[in-house]
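Biologist: I have not looked at this one before. Can we walk through it together?

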Amino acid sequence: MCGIVAYTGNKQAYPFLINGLKRLEYRGYDSAGVALLSENQIRLYKKQGKVADLERFCATEDLSAHTGIAHTRWATHGEPNDENAHPHLSEDGSLALIHNGIVENYLSLKNELLKRGYVFKSHTDTEVLIHLIQDIRKTEQVDLVEAVQMALSVVVGTYALAILSSEYSKQIIAAKKGSPLLIGLGKNEFFVGSDGAPIVEYTQKVVYLNDEEVAVLHPDKELQITNIRNEKQRPSIQKLELKLEQIEKGGFEHFMLKEIFEQPKAIVDSMRGRINTQKDVVSLGGIIEYENKMLNAKRFIIAACGTSWHAGLVGEHIFESLIRVPVEVEYASEFRYRNPIINEDDVLIAISQSGETADTLAAIELAKRKGATVIGICNVVGSSIARSTHAGSYTHAGPEIGVASTKAFTAQVTVLTLMALSLARKKGTISLSYYYQLVNGLGAIPEKIEAILKKNDEIKEIARYFVDKQNVIYLGRGVNFPVALEGALKLKEISYIHAEGYPAAEMKHGPIALIDEAMPVVILATEQETYEKIVSNIQEVKSRRGKIISIVSEGDETVKNMSDFCIEIPKTEELLSPLVASVPLQLLAYHVALLRGCDVDKPRNLAKSVSVE
């Protein structure tokens with residue numbers, strides 16, 4: 001949820017830290033802070049608001065130091081303000097800590113520390129942790145690394161953290177459990193980030209910390225890693241799969257718009273090496289080892305959150321239609337707590353853009369304990385989900401910086417479609433003619449999305465109608481019902497207009513009471529089996545003076561003539577239509593938010609990677 005960046009070496013730390021915070025601001029932007037270590041003194045600067053506010057605050061300060069840690073926050077414990085911003089200091093001022101995650105037992109730990117006379121300046125669980133480390137060090141008479149190990153052994157919850165000590169010049173201690181943290185290796189220097197964005201322009205050599213590992217970084221020494229039981233671990237150095245241009249705007253006004261326009265490439269990259277439209281072959285190398293488990297599965301369970309959950313709902317339609325095996329789509333956050341029935345012949349598919357979603361990771365561990373096969377679909381190489389699943393497929397969408405997910409959704413649907421086609425062909429549950437039709441149809445999707453993107457200006461004009469609206473209903477049927485949900489989510493996330501998605505047939509079972517002349521109704525009315533019924537739903541809205549904004553297949557005149565606004569999209573096979581139908585809804589949400597003066601890339605109260613419950 002939050003951004004961590006740290007540096008120790010021979011260069012000035014602050015320029016790297018502040019630039020890193022800007023790169024990580026999509027992970028949290030309630031407040032930001034920096035702690036610099038120089039001449040055995042920790043200097044602390046932190047400020048409520050954006051990274052730019054911190055930068056202005058620091059403009060006249062002495063920022064010289066070769067070692068430092070920095071943080072951009074998404075609030076969990078304590079409201080966004082200067083006091084709750086990270087880093088946090090130990091009571092004696094000798095230690096500074098930045099922390100992602102949640103200390104679930106912080107209250108009991110805090111009460112014990114209060115009894116011992118500790119005074120707290122913030123309402124955060126993080127301050128509890130740094131006081132705990134100081135207390136253990138003092139009472140147990142151990143060195144700092146051992147104090148950190150002992151403290152983390154009693155912590156319940158998740159953490160990614162970095163610590164400075166005024167007693168240890170140039171040293172940073174980093175640790176991880178449940179929240180991502182990686183270490184970049186340079187020449188006599190180390191970089192730390194909660195993802196690769198701050199590090200990529202400095203080094204391609206990284207070490208991904210595993211859960212319960214503690215690393216000691218010193219520019220004059222080799223990287224040392226132990227676990228919280230003080231057992232030495234061997235670092236595994238990997239190449240950072242990220243390019244600098246991928247995390248820059250590239251001439252676009254916002255990351256969200258850039259990522260909407262990157263979708264044709266993201267889909268091509270997600271299909272590359274997996275589909276050969278010339279030979280009509282679909283194969284996913286990442287799941288070959290567990291393919292028999294998937295072919296013999298009695299049931300698929302898809303676990304995800306937010307936009308990934310919507311992609312899972314599309315996957316449910318595609319899997320059941322092609323593979324003819326029951327599919328259940330679960331909110332990962334609910335799945336883990338309701339004692340679900342999981343059998344050894346079940347396959348759980350976990351979907352996450354970041355690969356770090358805490359609830360989805362918990363669902364994975366639950367399914368593994370029950371003996372199910374777990375397949376991952378995620379976008380970040382080396383992420384926790386990629387490492388904790390039995391097998392899986394990357395989406396290859398490239399970094400997604402905008403908080404409102406766009407290209408991740410279409411890439412996830414693409415991979416789910418490839419997976420279903422491959423399994424259906426091997427099971428013999430799809431006719432050859434329909435298989436070829438879908439394979440070729442999938443290959444044509446990028447070009448069709450390019451055609452929709454050319455309607456950007458047209459969609460911007462339609463967006464003007466929404467600027468002063470307070471509520472919007474989205475309707476879809478069949479495989480496009482999840483697209484209605486996703487369209488509504490995009491609008492509410494970034495424009496703060498209340499929007500809800502419904503199956504079109506369910507409108508008359510309640511939501512129709514909301515329809516009047518002030519209610520915009522966005523309807524997905526593409527060419528599909530239930531088209532005539534969608535037309536009837538539109539009539540029901542019009543008879544109550546609702547305003548119709550329709551998404552239709554090219555050449556449709558019936559719905560177009562019934563609509564107040566209409567966006568035509570290329571004709572597409574029904575099962576593949578979510579890949580094209582979702583794009584105009586993304587553009588619509590983007591332009592509505594922009595016209596309302598909202599921060600498109602950093603919507604209020606949201607963060608990109610939800611690595612806490």
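Biologist: By class, how many nonpolar, polar and charged residues are in the lining of the largest pocket?
Modeller: The lining has 16 nonpolar, 11 polar and 13 charged residues. Ala, Val, Leu, Ile, Met, Phe, Trp, Tyr, Cys and Pro count as nonpolar, Asp, Glu, Lys and Arg as charged, and the others, Gly among them, as polar. This is a predicted model, in which local features need pLDDT of at least 70 and side-chain atom pairs count only at pLDDT 80 or more, while totals for chains, interfaces and linings use all residues. Residues are numbered from 1 along each chain as its sequence is written, and side-chain values use heavy atoms, with hydrogens and water left out.

Biologist: What volume does the largest pocket have?
Modeller: About 810 Å³. Of the 40 residues that line this pocket, Glu 241, Leu 242, Asn 379, Gly 398 and Pro 399 are the closest to its centre. A pocket here is an open set of points on a 1 Å grid over the protein atoms alone, where a 1.4 Å probe fits, with protein on both sides within 12 Å along at least five of seven lines; lining residues have an atom within 4 Å of a point.

Biologist: Which helix gives the most to that lining?
Modeller: Helix H7, residues 263-271, with 3 residues. Helices (H or I, at least four residues) and strands (E, at least two) are DSSP runs, numbered from the N terminus.

Biologist: Switching to the core. Which residues touch the most other members of the largest nonpolar core?
Modeller: Phe 300, Phe 319, Leu 322, Ile 349, Met 419 and Tyr 474, out of 89 residues in that core. Helix H19 (residues 577-595) supplies the largest share, 11 residues. Apart from this core lies another, of 32 residues, among them Tyr 45, Val 51, Ala 65 and Leu 240. A nonpolar core is a set of buried Ala, Val, Leu, Ile, Met, Phe, Trp, Tyr and Cys residues joined through side-chain atoms within 4.5 Å.

Biologist: And Ile 551, buried or exposed?
Modeller: Ile 551 is buried, at a relative accessible area of 1%. Buried means under 20% relative accessible area, exposed over 50%, and partly exposed in between (1.4 Å probe, protein chains only). Ile 551 sits in strand E26, residues 547-553. Leaving aside neighbours within four places in sequence, Ile 551 is in contact (heavy atoms within 4.5 Å) with residues including Ile 523, Ile 567 and Leu 585.

Biologist: How many aromatic pairs are there?
Modeller: The count comes to 11. Rings of Phe, Tyr and Trp (its six-membered ring) pair if their centres lie within 6.5 Å; planes under 30 degrees apart count as stacked, over 60 as edge-to-face and the rest as tilted. Tyr 7 and Phe 191 have ring centres 5.3 Å apart and planes at 50°, so this pair is tilted.

Biologist: Where do those two lie?
Modeller: Tyr 7 is in strand E1 (residues 3-8) and Phe 191 in strand E10 (residues 189-193), so the pair ties together parts 184 residues apart in sequence. Tyr 7, Phe 16, Phe 191 and Tyr 202 form one aromatic cluster.

Biologist: Last topic, the backbone. Which peptide bond is cis?
Modeller: The bond from His 86 to Pro 87 is cis, with omega near 0°. Pro 87 lies in the loop between strand E4 (67-73) and strand E5 (88-89).

Biologist: What is phi of Asn 339?
Modeller: Near 50°, a positive value in a residue other than glycine. Asn 339 counts as exposed, at 63% relative accessibility.

Key. Points joined across faces, edges and corners; volume = space filled by probe spheres on them.
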